[in-house]
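The following note sets out several points on the structure shown below.

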Amino acid sequence: MPKSLFEKVWDAHVVEELAGGNALVFVDRIVAHEITTPQGALEIQRSYGDELFDPARIVAINDHVSPAKDTETAIQAKVLRDWAKRHGIVLYDLGQNGICHVVAPERGYVEPGMTLACGDSHTCTLGAFGAFALGVGTTAQGGAMLAGCLVLARPKVMRVTLDGRLCAGATAKDLALCVVSTLGFKGGTGYVLEYAGEALTTLSMDERMTLCNMAIEAGATTGLIGPDETTFSYLRGRENQPTGEAFERKVAHWRALAADPGARYDREVRIDVAALRPMVSWGTNPGESVPIDGAVPADAEPASLRYMDLECGRPLRSIEIDQAFIGSCTNSRLSDLRAAAEVLRGRTVSVPTIITPGSQAVKRAAEREGLHDVFQDAGALWTHSSCGPCLGMSMGVLAPGSRCISSSNRNFPGRMGAGGRVHLASPAIVAASAVLGRIASPDELVPAVAVTS
Amino acid sequence: MIVEGGVLPLDRANVDTDQIIPAHFLTGIETTGLGKHLFSGMTGGAELLAAYPAASILVTRENFGCGSSREHAAWSLADRGFRAVVAPSFARIFFENAYNNGIAPVVVDDAAIDTLLGEASVRIDLDAGTLLTPGGAQMRFVLDPLRKEFLLSGGYMAFMAAKRDAVRAWLARSAQAQEETAFSAPM
């Protein structure tokens with residue numbers, strides 16, 4: 001019987017079928033960060049003799065608030081650090097760390113066909129590799145640390161076919177916002193999204209991660225993309241992957257993961273993205289997004305309008321902003337920073353602008369290309385890697401009523417600070433908006449002042 | 001098991017976990033004591049809680065608990081004394097977290113929610129799958145039979161611990177294990 005990509009991965013990991021349509025699903029990799037891991041680690045220490053199923057499957061990363069901002073966050077980082085040392089768990093700590101969904105793949109810990117769990121909803125990012133990667137709660141992560149498995153209800157599978165190729169100006173972020181606004185904020189609940197279609201073929205791994213990152217914003221368990229030459233090239237020669245024949249043997253296995261012709265899906269959605277324009281959110285969930293050329297919809301949710309202080313029919317380009325943020329697990333990789341730098345080169349931002357690389361490795365790569373000079377010449381703040389302002393935890397919390405355009409993934413009320421308002425967009429749109437002080441696209445900018453490089 | 005208590009009517013859809021407990025309260029390493037932060041990210045949240053001080057059953061609209069995976073959302077509800085959340089639908093991760101923290105995620109339809117939002121209290125029979133209003137209206141719901149055991153016994157971790165030998169045996173005999181040994185352990 002033909003199988004989807006998801007079915008192949010799922011079936012290879014079911015240890016036991018359980019009551020109620022649940023299954024005990026083996027977890028190949030656990031990514032553990034300092035906000036949601038300590039509680040489970042301490043529970044295992046207190047009640048289960050501090051015994052982990054297999055420490056070699058765990059990657060620990062201090063990522064949310066690093067360096068610590070206060071005593072409490074310092075304790076979180078220390079608990080994770082001590083736990084990792086005690087068990088011989090590989091740890092990416094201050095100086096070598098970054099956002100876990102950026103660090104794990106860049107260090108070669110994510111590969112096609114694997115199952116991966118992390119106490120973080122944006123773990124779906126890593127489905128870009130054709131892995132079944134999902135966010136879970138602390139207890140579920142703790143259970144995986146203890147017994148190597150998750151208890152999961154088998155999700156349904158929705159194939160989301162993206163027809164056509166992206167035209168100039170449209171990015172993976174726009175694809176992601178388009179998918180979420182098409183499915184709706186909860187339209188993917190109970191499903192994994194298996195992406196397909198021509199639009200994927202030209203997407204880099206960075207871009208695929210951006211697309212899959214926002215599957216959770218439609219409520220989906222995760223998003224997956226079938227592995228192909230782009231995936232294999234990304235992994236070939238990467239640290240923590242084998243080399244030579246051993247790697248090519250893995251590739252042969254990964255090729256077999258592609259969805260079989262005739263595979264059946266619980267739901268099919270097709271979206272023609274050939275004419276996709278840059279998307280910007282106007283409301284208080286990522287599904288409330290429209291093309292930048294458009295306006296706040298006539299049927300906009302009143303509560304969202306009130307929170308965002310907007311009215312129906314308001315052109316997006318007329319909305320003034322107070323702050324701009326480029327970063328987060330959605331858009332903080334090298335290609336994102338290059339896109340922002342292309343816009344900011346020789347220009348000046350007109351609102352406070354924070355640019356946060358997704359990892360310290362990304363930061364160093366960006367600096368080797370001189371991107372940090374471009375950003376700082378433009379007047380932006382170039383920071384170390386962090387989850388940072390995205391979740392209003394540190395490094396750029398919004399004031400009540402302040403409006404931020406952001407390359408992140410959530411525009412929930414209060415997400416980036418109590419009373420703060422967030423518009424989601426791609427790095428290029430955020431950069432152009434930072435220059436003009438209102439929601440804007442790069443094609444509106446006057447030619448940049450020539451700079452010698 | 002019977003859960004009976006006052007209703008907290010939260011007539012909103014898509015209540016995300018940032019509203020239930022904002023990120024700046026996620027800085028601890030324990031699961032207790034978070035009730036004081038419940039709904040602190042929600043406009044009118046504090047006033048709502050103050051108006052229903054004895055409530056132990058939250059009645060709300062669709063897609064409750066969407067967004068972040070933070071189990072702190074369930075911990076803060078449990079710490080505040082909530083034993084059930086009644087809604088037409090839940091986000092997946094919150095749904096699992098609720099079961100693992102003694103909070104029954106009870107799914108009923110929109111019409112039932114319309115009724116329940118106006119009730120002062122309800123009585124929920126978790127075993128029978130029935131929900132009873134003071135006026136005598138009865139609604140039915142179905143709990144996940146496996147997760148219901150976690151709910152009643154608080155036993156997710158104990159359940160997992162008991163599975164360890166079976167998991168090791170599976171791993172030893174599965175083809176997956178052979179492939180895994182060929183590929184890099186992260187050390």
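The model under discussion is a predicted one, and the points below should be read accordingly.

1. Overall form of chain A. Chain A contains 15 helices and 19 strands. Its C-alpha trace spans about 60 × 55 × 45 Å along the principal axes. The radius of gyration is 21 Å, which agrees with the value near 22 Å that a compact globule of 453 residues would have. Of the 453 residues in chain A, 61% are buried. Among contacts in chain A with a separation of 6 or more, 74% are between residues 24 or more positions apart.

2. Helix 5 of chain A. This helix covers residues 138-147 and is mostly covered, with 10 of its 10 residues buried. The buried residues include A:Thr138 and A:Thr139, as well as A:Gln141, A:Met145 and A:Leu146.

3. The contact between chains A and B. Chain A contributes 65 residues to this contact, and chain B contributes 52 residues. On the side of chain A that touches chain B, the elements giving two or more residues are strand 1 (14-17), strand 2 (22-26), helix 2 (38-47), helix 3 (71-87), helix 5 and helix 10 (244-255) of chain A. Helix 5 of chain A gives the most to this side, with seven residues. By class, the side of chain A that touches chain B holds 29 nonpolar, 27 polar and nine charged residues. The helix described in point 2 as having 10 of its 10 residues buried is thus also the one that gives the most to the side of chain A that touches chain B.

4. The parallel sheet of chain A. Four strands of chain A form an open sheet in the order 11-10-9-12, with parallel pairing. Strand 11 (222-225) and strand 12 (267-272) of chain A are the edge strands, each pairing on one side only. From one strand to the next, the twist averages 25°. Within this sheet, strand 9 (residues 156-163) and strand 10 (residues 191-196) of chain A pair in the parallel sense over six bridges. A:Arg159 stands opposite A:Glu194, a residue of strand 10 of chain A. Helix 6 (residues 172-183) of chain A lies across strand 9 and strand 12 of chain A, and runs at about 130° to strand 12 of chain A.

5. The mixed sheet of chain B. Seven strands of chain B form an open sheet in the order 4-3-2-1-5-6-7, and the pairing is mixed. Its edge strands are strand 4 (104-107) and strand 7 (138-140) of chain B, each of which pairs on one side only. Neighbouring strands of this sheet are turned by 30° against each other on average, direction ignored. Strand 3 (residues 84-87) of chain B runs parallel to strand 4 of chain B, and four bridges join the two. B:Ala84 has B:Ala104, in strand 4 of chain B, as its bridge partner.

6. Domains of chain A. The domain assignment of chain A gives domain 1 (5-270) and domain 2 (280-444). Their C-alpha centres lie 25 Å apart. In the contact between them, 31 residues of domain 1 of chain A meet 29 residues of domain 2 of chain A. On the side of domain 1 that touches domain 2, helix 4 (100-106), helix 6 and helix 8 (205-213) of chain A are the elements that give two or more residues. Helix 6 of chain A gives the most to that side, with five residues. By class, the side of domain 1 of chain A that touches domain 2 of chain A has eight nonpolar, 16 polar and seven charged residues.

7. A:Arg236. Is this residue, A:Arg236, buried or partly exposed? A:Arg236 is partly exposed, because 14 other C-beta atoms lie within 10 Å. The residue sits in the loop between helix 9 (229-235) and helix 10 of chain A. A:Arg236 and A:Val251 are 15 residues apart in sequence, and their C-alpha atoms are 9.3 Å apart in space.

Terms used. Residues numbered from 1 in each chain as written. Chains lettered and ligands numbered in written order. Predicted model: local features only at pLDDT ≥ 70, side-chain atom pairs only at ≥ 80, totals over all residues. Buried ≥ 20, exposed ≤ 12 C-beta atoms within 10 Å, placed from the backbone. Rg over C-alpha atoms; globule rule 2.2 N^0.38 Å. Contact = placed C-beta atoms within 7 Å. Nonpolar A, V, L, I, M, F, W, Y, C, P; charged D, E, K, R; others polar. Pairing = 2+ DSSP bridges. Axes fitted to C-alpha atoms, helices over the stretch in contact; angles between N-to-C directions. Domains from an automatic or database assignment.
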